[in-house]
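Please look through the model shown here, with attention to one helix contact and to the charged pairs.

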Amino acid sequence: MGEEISSSRLIRALFCQSVDKTPVWIMRQAGRYLPEYRTLREKAGSFLMLCKTPDLASELTLQPIRRFDLDAAIIFSDILTIPDAMGLELCFEEGQGPYFKRPLKTLADIRALAPPHPETSLRYVCDAIKTVKRELGGTIPLIGFSGSPWTLACYMLEGKGSKTFTQIKRLMWEAPLEFELLITCLSQAVADYLNAQITAGVDVVMVFDTWGGILANSDYERATAEPLRQVLSKLKREELRRKIPNIIYAKGCGDHLAALAKMGWNAIGLDWMVDPSWARQIVGEKVALQGNLDPAVLYCKEACVKTEVQKVLDAFGPAPGYIFNLGHGIPPTVDPERVRFLVDAVHHFGVGENSGMGL
Ligand code: 1CP
């Protein structure tokens, strides 16, 4: 079983080895665009109930795998589970995004924080991982994930989503000591959480630095680059002789690709604003790249999806070390049939023998 996973397309591509076909998976591949997700969410009553019930989280992880010929599963959860386990109390209300009942309001709130114990307060994620691994039976790899320390801190100060996240920036500039305390605590929390997911059985770990791109160039190093380095230095790279590759998704961070490559991530996830051949030049041949189709393409007719997929494949080229994905998560109103077309088009037009699907 371990052998099969280590020779899967995704794992081989993450280690920059050759593959029979370009691997493809999709950020947020489980979610609202799938009718079977909406049905289960309605039955469960809330998003959090889905995350915290291992059988439901496992079922949701597998839904897109049953429908499409995907090369990886990603555990159904959310990046906001760490702050929830730290006592901020994650809530979801219909028609609203996620928010925290108790966001960090004072410097004393920050000083009182401690990294959670993933084996207890995030045990539901580890249990869901074990169930999914059993269900997958060694067919395709399972990806575990966390938000980056900076991205988590953005939500913890603001209490909810934002375009500007001014609260965390104020803290960073006005109270550098407490900022440092918060980021250091989160770096430990992220590393512990990912290591617990590795112990539970994930084959790959991915860190989402969704908000690294809102930082001024001069703040990037201390706010997100150094914490990411801390996480990476604590991250297990092997578990029971299985090598566990890692991916950093760095939205809006095209300017920092050289720094990210130098940190030692196995792969970097790119958004659609980055030119693939330029990115390849910057990161060299030893770092895999993942991405970066504009998610909006999925609203187009099939012929157009096909053209845009081919453009992305051509831009990354045939060299080993490439995984097809969108540049960000799939929007909730996309037609699942477009996703099927996309996945099959990647396998058809990517590297390897064409499978004759009549595209
Ligand atoms: O039914 C619903 O209304 C919930 C929608 C939903 C889903 C399906 C949310 C709320 N999270 C998720 C699952 C989720 N989130 C996954 C599942 C695995 C997968 O199939 O990929 C993953 C990997 C995430 C990661 C996540 N959550 C990120 C990082 C990636 C990214 O998209 O940038 C972020 C920033 C979040 C926070 C979050 N959770 C949910 C929403 C709507 C948001 C964004 C909030 C905001 O910024 O306004």
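The text below takes up the helix contact and then the salt bridges of this predicted model.

Helix α10 covers residues 149–158 and helix α11 covers residues 166–174; their axes come within 7 Å and cross at roughly 105 degrees. An angle of 65 to 115 degrees counts as roughly perpendicular, and α10 and α11 are therefore roughly perpendicular to each other. On the α10 side, the contact is made by Trp 150, Ala 153, Cys 154, Leu 157 and Glu 158, which meet Thr 166, Gln 167, Ile 168, Lys 169, Leu 171 and Met 172 of α11. Of the residues in this contact, seven are nonpolar, two polar and two charged.

Side chains of opposite charge can pair when their charged atoms come close. The count of salt bridges in this model is 19. One of them links Lys 101 to Glu 89, with 3.4 Å between the closest N and O atoms. Lys 101 sits in the loop between β3 and α7, and Glu 89 in the loop between α6 and β2, so this pair ties together parts twelve residues apart in sequence. Lys 101 counts as exposed at 53% relative accessibility, while Glu 89 counts as partly exposed at 28%.

A further salt bridge joins Glu 178 and Arg 111, whose closest N and O atoms are 2.9 Å apart. Because Glu 178 belongs to helix α12 and Arg 111 to helix α7, the pair ties together parts 67 residues apart in sequence. Glu 178 has 12% relative accessibility and counts as buried.

Glu 238 pairs with Lys 243, the closest N and O atoms lying 3.9 Å apart. Here Glu 238 is partly exposed at 42% relative accessibility, and Lys 243 is exposed at 53%. Elsewhere, salt bridges with shared partners join Arg 9, Asp 20 and Asp 71 into one network.

Key: Residues are numbered from 1 along each chain as its sequence is written. This is a predicted model: local features need pLDDT of at least 70, side-chain atom pairs count only at pLDDT 80 or more; totals for chains, interfaces and linings use all residues. Side-chain values use heavy atoms; hydrogens and water are left out. Axes are lines fitted to C-alpha atoms, for helices over the stretch in contact, and angles run from 0 to 180 degrees between N-to-C directions. Helices (H or I, at least four residues) and strands (E, at least two) are DSSP runs, numbered from the N terminus. Angles under 35 degrees count as roughly parallel, over 145 as roughly antiparallel, 65 to 115 as roughly perpendicular and the rest as oblique. Contact means heavy atoms within 4.5 Å. Ala, Val, Leu, Ile, Met, Phe, Trp, Tyr, Cys and Pro count as nonpolar, Asp, Glu, Lys and Arg as charged, and the others, Gly among them, as polar. A salt bridge is a side-chain nitrogen of Lys or Arg within 4 Å of a carboxyl oxygen of Asp or Glu. Buried means under 20% relative accessible area, exposed over 50%, partly exposed in between (1.4 Å probe, protein chains only).
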